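Biologist: Could you take me through this structure, starting with how its helices pack?

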Amino acid sequence: MSEVLNIQHLSVSYGAIAALKDVSITVQKGSITAILGANGGGKSTLLKTISGLIPPKSGRILFDGLDISKVSADKITDMGIIHVPEGRQIFGELTVLENLMIGAFTAKEGPVNKAYLRGEFLQRYSDREEVVLSRKEMIANNLLRVYEYFPVLQERKQQQAVSLSGGEQQMLAIGRALMSTPQMLILDEPSLGLAPLIVKSIFEIIADLNKTIGLTVLIVEQNALQTLQIADYAYVLQVGRIVKSDKASVLAKDTTLVEAYLGK
C-alpha cells in the first residue's frame, strides 16, 4: 500500500485551549484506519482539521503528497476527501434523492475498475478491466450502488429526508458521500445513537466498500471493538495526544488498553 494521508506534528487550539497536541498519523491507500478514544479526546477536531473546517495552529497535512493544511474546505472536498459528519447533517426539507444529488455535485469523469460498476454499466463494459466513465455515467452508477447498499433510500427517494428514522438518515448521509466517488471517506461516529442491527449493517457496508473497490476509509468511533474488527490500523487519541497505535488486530487483543482508553 502507498501512503495517501500523512499528518505531521499537527496542533490545533480553540483560543487558549489546546485540542490537538503534536499529532502525527498516516493512512495507507486502500486501508481502513480508525481513530479511537473517549469523548473530548479531539477525534472530531482531527477530522474537521483534515477537512479544512478548522485551521491548524501548526503542523502539516499531506494528501497524496500535497500540503492541504491551508486549503479551503470546498477545495479539499473537490480533491475527493469526503466527510460524513457526526449528527448526519442532512437537508431535512429536501427529498432523499435531492440529498443524494447534492452529494454528486463534485463527481467527475474518471477511471473505475470493473468491481465498481453496477447495472447497465456492468453489462456495457463487461469485457474491460478498467473503464473511464463520463460524469453523467459516474453519477448514475454511483446512484445504483447507493441503492444497492441502502434499498430503503430507493423506496423513499421522493420522501422528505426529515421523515426518515435515525438509522435511515445515517444511511442517507453515507450514501450522499458515496455519490461523489470519494478518494477517501471520513466517517465521524457513524454508529452514534443507532440500533445494534443497523450498526452491524453499516459496518458491513464500510468493510465491503473497502474490500471490493479499495475505498480508503478514516473512521472515528467510540464503538471500539466493532471498529477494530474491520480496521487495518488504529490510533488511540487521549486529551489531544496519540497515546497508542498499532495494527487493529493487535489493539483488539490488548484488554488493558481497551479498558483504560476505550471502555469495557
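**Helix packing and the sheet**

Modeller: The crossing of α7 and α8 is right-handed (the near helix is turned clockwise from the far one by less than a right angle). Helices here are DSSP runs of H or I with at least four residues, and strands are E runs of at least two, numbered from the N terminus. This is a predicted model, in which local features need pLDDT of at least 70, side-chain atom pairs need 80 or more, and totals for chains, interfaces and linings use all residues. Residues are numbered from 1 along each chain, and side-chain values use heavy atoms, without hydrogens or water.

Biologist: At what angle do α7 and α8 pack?

Modeller: Helix α7 (residues 166-178) makes an angle of about 15° with α8 (residues 196-213), and their axes are 10 Å apart. They are therefore roughly parallel (under 35 degrees, on a scale from 0 to 180 between N-to-C directions).

Biologist: Which residues meet there?

Modeller: From α7, G167, Q170, M171, I174 and L178 meet I198, I202 and L209 of α8 (heavy atoms within 4.5 Å). By class, this contact has 6 nonpolar, 2 polar and no charged residues.

Biologist: Turning to the sheet, what is the strand order?

Modeller: The open sheet has 6 strands in the order β6-β9-β10-β3-β11-β12, with mixed pairing (at least two DSSP bridges per pair). Its edge strands are β6 (81-84) and β12 (241-247).

Biologist: How do β6 and β9 pair?

Modeller: Strands β6 and β9 (residues 184-188) are parallel, over 4 bridges; I82 has L185 in β9 as its bridge partner.

Biologist: Where does α7 lie on these strands?

Modeller: Helix α7 lies across β6 and β9, at about 170° to β6.

Methods: Parallel < 35°, antiparallel > 145°, perpendicular 65-115°, else oblique. Nonpolar A, V, L, I, M, F, W, Y, C, P; charged D, E, K, R; others polar.
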